[in-house]
Amino acid sequence: MKGLLLCLLLGNISTLVLSQCRGGNTVRWRDPRGVTHNYLFSWENAATRGQELEWGSAQATCRQYCMNLVSIETPGENNFIKQRIANARVRYIWTSGRKCNGCNLFNGWFWSGSGVRIGSANNRANGDWSHTGGAGIPQPDNRENTPGLAGFRRGNEESCLSILNNFYGDGLKWHDVACYHVKPFVCEG
Ligand SMILES: [Ca+2]
């Protein structure tokens with residue numbers, strides 16, 4: 001009986017791996033290229049509703065569902081995510097966007113979920129960065145780690161990409177934020 005059980009287990013190893021993913025309330029969306037994406041919005045999923053987590057904990061939670069924090073690669077996907085945030089009146093979310101400083105390969109922003117670079121933040125056409133923030137200057141501004149800027153707190157590099165919902169009267173826009181802040185989150189997988 002034990003041997004049979006072992007055979008069944010080995011024969012179903014792929015099922016076992018899959019079954020290690022937590023099941024959640026996911027949403028499907030098809031982009032204009034015909035690619036289907038699956039998302040988990042933390043406020044729409046019973047187990048994560050009401051949770052606000054630091055960036056690292058949010059990513060770890062997405063991994064439990066075999067997903068990563070969301071990577072936004074088209075204007076259509078950006079609009080879909082922002083509409084969902086607006087509909088639920090969520091104040092802000094974490095995405096998978098990260099800043100790579102002093103990395104071997106490059107300096108700059110990229111989607112850690114997909115490995116795709118975001119492009120120079122100096123070019124406003126790259127992404128959906130806000131024109132303003134806590135210091136009244138365009139994002140990304142690394143405000144918490146820039147002496148002289150309002151809200152400066154030494155050592156808190158703003159290395160994570162959040163979508164804020166009209167926090168500075170700027171609509172739903174991308175902001176660089178220090179990763180220790182706690183927020184709801186969107187997973188993609
Ligand atoms: Ca900022």
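From the N terminus on, the elements of the chain follow the order α-α-β-β-α-β-α-β-β-β-β-β-β. The secondary structure comes to four helices and nine strands. Helices (H or I, at least four residues) and strands (E, at least two) are DSSP runs, numbered from the N terminus. The model is predicted: local features need pLDDT of at least 70, side-chain atom pairs count only at pLDDT 80 or more, and totals for chains, interfaces and linings use all residues. Residues are numbered from 1 along each chain as its sequence is written.

The chain has 189 residues, and 32% of them count as buried. A residue is buried if 20 or more other C-beta atoms lie within 10 Å of its own, exposed if 12 or fewer, and partly exposed in between; C-beta atoms are placed from the backbone. Contacts were also computed, with two residues in contact if their C-beta atoms, placed from the backbone, lie within 7 Å. Among contacts with a separation of 6 or more, 54% join residues 24 or more positions apart.

The largest nonpolar core has 33 residues. Such a core is a set of buried Ala, Val, Leu, Ile, Met, Phe, Trp, Tyr and Cys residues joined through C-beta atoms within 7 Å. Leu-69, Ile-93, Val-186 and Cys-187 have the most contacts inside this core. Elements that give two or more residues to the core include helix H3 (55-64), helix H4 (75-88), strand E2 (36-41), strand E7 (160-165) and strand E9 (186-188). The largest share, four residues, comes from E7. Val-186 touches Tyr-39, Phe-41, Leu-69, Val-70, Ile-81, Ile-93 and Thr-95, not counting residues up to four places away in sequence. In soluble globular proteins, nonpolar side chains tend to be buried together.

Four strands form an open sheet in the order E1-E2-E9-E3, with antiparallel pairing. Two strands pair if DSSP finds at least two bridges between them. Strand E1 (27-30) and strand E3 (68-69) are the edge strands, and each pairs on one side only. Antiparallel E1 and E2 are joined by four bridges. Here Arg-28 stands opposite Asn-38 in E2. Strands of a sheet pair through backbone hydrogen bonds, either parallel or antiparallel.

E7 and E8 form a hairpin with six residues between them. The two strands run antiparallel and are joined by six bridges. Ser-162 stands opposite His-175 in E8. E8 is mostly covered, with six of its six residues buried. In a regular strand the side chains alternate between the two faces of the sheet. Both faces of E8 are covered. Leu-172, Trp-174 and Asp-176 are buried on one side, and Lys-173, His-175 and Val-177 are buried on the other.

Some backbone features lie in loops. Asn-166 has a positive phi of about 60°, although it is not a glycine. This residue lies in the loop between E7 and E8. Asn-166 counts as partly exposed because it has 13 C-beta neighbours inside 10 Å. Cys-66 has a positive phi of about 60° and is not a glycine. Cys-66 has its place in the loop between H3 and E3. With 15 other C-beta atoms within 10 Å, Cys-66 is partly exposed. A cis peptide bond joins Gln-139 and Pro-140, with omega about -10°. Pro-140 lies in the loop between strand E6 (116-117) and E7.
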